[in-house]
Amino acid sequence: MAKVRVSPWLKLRVLLRLLTRDMIPLLRLAFRFRDNLKRKIVFFIYYKLIVAELLARKENIKVIYDQGPIYNLSRLHYKSSPGEQERSSREMEKLLERIRQVYDDTVYLRCPVDIVLGRIHGRDKEHFARRVDEEEARQRLGRWEQSYEFICERLQSTIIENY
């Protein structure tokens with residue numbers, strides 16, 4: 001699979017869309033959260049979604065994101081309090097609808113926590129699960145899984161058991 005570089009012109013078009021059409025919905029969702037990290041995640045969700053929307057206009061373009069808008073929506077859900085989730089639910093549903101319109105399909109690779117932990121400990125890449133005890137790692141990974149399940153259920157994602 002080739003890595004796609006986003007052209008400066010596409011980046012400019014994305015920023016123009018953010019400043020015009022998407023500024024109000026972006027700010028409406030961003031200010032449902034109290035801290036800057038969550039607001040940055042909201043920006044990334046919109047940025048990557050707009051890239052996909054603009055690329056979808058071209059014929060025969062397939063976009064595959066590893067850490068695109070769905071990953072960031074799951075990340076936002078994981079980091080949000082129940083109150084923040086409730087306050088942002090209307091804006092999140094609108095965002096999920098846009099994602100459903102842009103993507104032909106979304107795929108969720110599901111894997112048991114034991115296998116995930118083994119893979120995390122078997123590679124050199126830094127990960128929170130390597131810095132905490134096993135029980136905490138299992139709890140946090142379980143919460144991550146719940147966040148993905150929440151988002152993927154609403155997107156009616158194809159689920160692939162990945163062992």
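Which residue's side chain does glutamate 149 meet in a salt bridge? The partner is arginine 110, with N to O at 3.0 Å, where a salt bridge means a side-chain nitrogen of Lys or Arg within 4 Å of a carboxyl oxygen of Asp or Glu. Glutamate 149 lies in helix 8 (residues 134-155) and arginine 110 in strand 1 (residues 107-110), so the pair ties together parts that are 39 residues apart in sequence; helices (H or I, at least four residues) and strands (E, at least two) are DSSP runs numbered from the N terminus.

This is a predicted model, in which local features need pLDDT of at least 70 and side-chain atom pairs count only at pLDDT 80 or more, while totals for chains, interfaces and linings use all residues. Residues are numbered from 1 along each chain as its sequence is written, and side-chain values use heavy atoms, leaving out hydrogens and water.

A search of the whole structure finds 17 salt bridges, including these:

| Salt bridge | N to O distance |
|---|---|
| Aspartate 114 and arginine 138 | 2.6 Å |
| Glutamate 126 and arginine 131 | 2.5 Å |

Aspartate 114 belongs to helix 7 (residues 113-121) and arginine 138 to helix 8, so this pair joins parts 24 residues apart in sequence. Elsewhere, Arg17, Arg21, Asp22, Glu53 and Arg98 are linked in a network of salt bridges.

As for disulfides (pairs of cysteine sulfur atoms within 2.5 Å), the search of the whole structure finds 0. Cysteine 111 is in none, the nearest cysteine sulfur, that of cysteine 152, being 14 Å away, which is too far for a bond. Cysteine 152 is buried at 6% relative accessibility, buried meaning under 20% relative accessible area, exposed over 50% and partly exposed in between (1.4 Å probe, protein chains only).
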